[in-house]
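Subject: Structure handover

Hi,

Here is the structure I promised to pass on to you. My notes on it follow below, with the cut-offs included.

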Amino acid sequence: MAGDGRRFSVTVTARSSAAPAALFRLVADGGRWSEWAGTLSPRSSWERQGDPAPGGIGAIRRLGLWPVVVREETVAYEQDRLHGYALRTPAPLRDYRGEVTFEARADGGTSVVWRGSFTELVPGTGRVVQRALLLVLRSLTRRLVRAAEREARTP
């Protein structure tokens with residue numbers, strides 16, 4: 001298995017007027033994804049909480065509706081700065097890792113960077129999966145930014 005597939009990655013960047021803590025709070029709370037991710041995650045819950053609870057290292061979030069339910073495990077957690085996760089559900093790719101970073105901007109707000117990488121499962125499919133992943137991460141990033149900014153405006 002190791003070394004026999006090609007590795008692919010995507011990166012999506014955005015700016016938000018919300019603080020890093022607001023963005024991090026939404027993305028790291030697997031139980032709240034259905035509130036902001038829309039049709040990409042119509043249902044969300046915790047399968048297992050991590051350290052620190054609920055979304056820290058070892059947490060597993062469940063996203064979606066049967067028959068398409070995705071399980072992702074938190075593998076990196078730096079409060080208000082970084083949330084990293086690995087796909088734990090069989091998919092048309094291997095070794096998927098995602099990471100969202102939040103950096104406070106000098107002029108206020110936050111720079112958001114969402115990265116995903118994987119190894120193609122079936123030779124020749126990597127570019128198609130990469131394009132699909134790019135579209136998903138773009139949509140998630142837009143929705144995350146909108147939700148955090150909406151929460152920041154709500155008294």
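Among contacts in the protein between residues at least 6 apart in sequence, what percentage join residues at least 24 apart? The answer is 48%, where contact means heavy atoms within 4.5 Å.

Before you dig in, please note that this is a predicted model, in which local features need pLDDT of at least 70 and side-chain atom pairs count only at pLDDT 80 or more, while totals for chains, interfaces and linings use all residues. Residues are numbered from 1 along each chain as its sequence is written, and side-chain values use heavy atoms, with hydrogens and water left out.

The overall picture

The protein has three helices and seven strands, in the order β-α-α-β-β-β-β-β-β-α from the N terminus. Both kinds of element are DSSP runs numbered from the N terminus: helices are H or I with at least four residues, strands E with at least two. The C-alpha trace spans about 50 × 30 × 25 Å along its principal axes. The radius of gyration is 15 Å, which agrees with the value near 15 Å for a compact globule of 155 residues; it is taken over C-alpha atoms, and the globule rule is 2.2 Å times the number of residues to the power 0.38.

Of the 155 residues, 45% are buried. Buried means under 20% relative accessible area, exposed over 50%, and partly exposed in between, with a 1.4 Å probe and protein chains only. Helix 1 (residues 20–28) is mostly covered, with seven of its nine residues buried; among them are Leu 23, Phe 24 and Val 27.

The largest pocket

The largest pocket holds about 620 Å³ of space and is lined by 25 residues, with Val 70, Glu 72, Leu 87, Leu 133 and Val 136 nearest its centre. A pocket here is an open set of points on a 1 Å grid over the protein atoms alone, where a 1.4 Å probe fits, with protein on both sides within 12 Å along at least five of seven lines; lining residues have an atom within 4 Å of a point. The volume is the space filled by probe spheres set on the points, which are joined across faces, edges and corners.

Helix 3 gives the most to this lining, with six residues, and strands 3, 4, 5 and 6 each supply at least two. The lining has 20 nonpolar, four polar and one charged residues. Ala, Val, Leu, Ile, Met, Phe, Trp, Tyr, Cys and Pro count as nonpolar, Asp, Glu, Lys and Arg as charged, and the others, Gly among them, as polar.

Backbone points to check

Most residues other than glycine have a negative phi, and most peptide bonds are trans. Against that, the bond joining Asp 51 and Pro 52 is cis, with omega about 0°, and the one from Trp 66 to Pro 67 is cis with omega near 10°. Pro 52 lies in the loop between strand 2 and strand 3, Pro 67 in the loop between strand 3 and strand 4.

Asp 80 has a positive phi near 65°; it lies in the loop between strand 4 and strand 5 and is partly exposed at 28%. Asp 95, found in strand 6, has phi near 55° and is exposed at 52%.

Best wishes
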